[in-house]
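Good morning, everyone. Please keep the picture in view while I talk, and follow the places I name as we come to them.

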Amino acid sequence: MKRLRLAMQLAVMVAAAMAGVRFALGRSVTTVETYCPFGGLETAYAFFTRQRFTCAAGETNLALFIALLGLTLVARKAFCGWVCPVGALAEWEGKLARRLFRRPDLTGAWRVPARADRMLRVVLRAAVLALVLGATWTTGELVFRGYDPYYVLFSAHGHDVRAWSYALLGGLMVLGLLLPMAWCRYLCPLGAAIWPLSAGGLLRLARDERTCTACGACDRACPQLIEVSRAGIVRSGECTLCLECTGACPTDSALELRWAGGKP
Ligand code: SF4
Ligand code: SF4
């Protein structure tokens, strides 16, 4: 599963980079933002109120966003852990930070207390989501482009990308080293939008207390800093089903995926 996930993350990343370059070279009319489900949410208001699309966002974005909602209802934030190239880069950066700062886990150089972390995840991401949607729905423009790491990274210097966009991206990358997954944890508006559905997602990790040795390896492996070893069932809306915890668990049957309501 680990290899499959890596292959999927790499494939999406290569496809996104190729889409950006092909558009920039004039070999394709499809921009990299066509494949972004967040564009579906950005254009939803205009579509459902005026039967129009916002700027370059279109039916593909809307269909992808609706498909993402379905996926999240079943597999929580699997999109973030298996598909999103920004999530993949953030995760790899977190692993690099663990080596650089010689941490036993993925907390990075700056440790945010668990309670503050939970609060910041909700408040900051909701604020970014409200700002982006408010500005997009009022102006009818995709105002988020220049700030969006996905677009800045993969659009091959696309429309609305300025020097400050790269400076902001650089700042986010430095922040990601000090505070791994900072973008995903505190700033990503798409993460905020799907979080409520993810919390109720049907596939969950369950820990078997009879076989768990309480070694904590799962906690140290989790990129989302979920305390798996203290949960009976991982209900956190942050779980991306990346399965890093099951991979790190030394006990075969202590962690397994289960449907909500399923019997052990
Ligand atoms: S709990 Fe396990 S599957 Fe969920 S995000 Fe953490 S490591 Fe990944
Ligand atoms: S890694 Fe496995 S055995 Fe160790 S605490 Fe987590 S679930 Fe229990």
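Around ligand 2, the shell is made up of ten nonpolar, four polar and one charged residues. That is a shell of 15 residues in this predicted model, and the closest of them are Cys 212, Cys 215, Cys 218, Ser 229 and Cys 249. For ligand 1, the surrounding residues number 14, and here the closest are Cys 222, Cys 239, Cys 242, Glu 244 and Cys 245. If we sort the shell around ligand 1 by class, we find eleven nonpolar residues, two polar ones and one charged one.

Let me step back to the chain. The domain assignment divides it into domain 1, which runs over 2-197, and domain 2, which runs over 202-249. Their C-alpha centres are 24 Å apart, and the contact between them draws 20 residues from domain 1 and 13 residues from domain 2. On the domain 1 side, the helices that each give at least two residues to this contact are α1 (2-24), α3 (59-75), α4 (78-83), α5 (85-100) and α10 (189-199). That side of domain 1, taken by class, has ten nonpolar, three polar and seven charged residues.

I would like to stay with α10 for a moment, and ask why it is described as largely enclosed by the rest of the structure. The reason is that eight of its eleven residues are buried. Those buried residues of α10 are Pro 189, Leu 190, Gly 191, Ala 192, Ala 193, Ile 194, Trp 195 and Ser 198. If you look for what covers them, you will find α2 (38-50), α3, α4, α6 (114-139) and α9 (182-187) included in the cover.

In the loop between α2 and α3 sits Gln 51, which has a positive phi of about 50° although it is not a glycine. Is Gln 51 buried or exposed? It counts as exposed, because Gln 51 has 7 C-beta neighbours inside 10 Å, and a residue is called exposed when that count is 12 or fewer.

The second residue is His 157, placed in the loop between α7 (149-154) and α8 (163-178). His 157 is likewise a residue other than glycine with a positive phi, in this case near 55°. With 11 other C-beta atoms within 10 Å, His 157 is exposed as well.

Definitions and conventions:
Residues are numbered from 1 along each chain as its sequence is written. Chains are lettered from A and ligands numbered from 1 in the order in which they are written. This is a predicted model: local features need pLDDT of at least 70, side-chain atom pairs count only at pLDDT 80 or more; totals for chains, interfaces and linings use all residues. A residue is near a molecule or strand if its C-beta atom, placed from the backbone, lies within 6 Å of it. Ala, Val, Leu, Ile, Met, Phe, Trp, Tyr, Cys and Pro count as nonpolar, Asp, Glu, Lys and Arg as charged, and the others, Gly among them, as polar. Domain bounds come from an automatic or database domain assignment. Two residues are in contact if their C-beta atoms, placed from the backbone, lie within 7 Å. Helices (H or I, at least four residues) and strands (E, at least two) are DSSP runs, numbered from the N terminus. A residue is buried if 20 or more other C-beta atoms lie within 10 Å of its own, exposed if 12 or fewer, and partly exposed in between; C-beta atoms are placed from the backbone.
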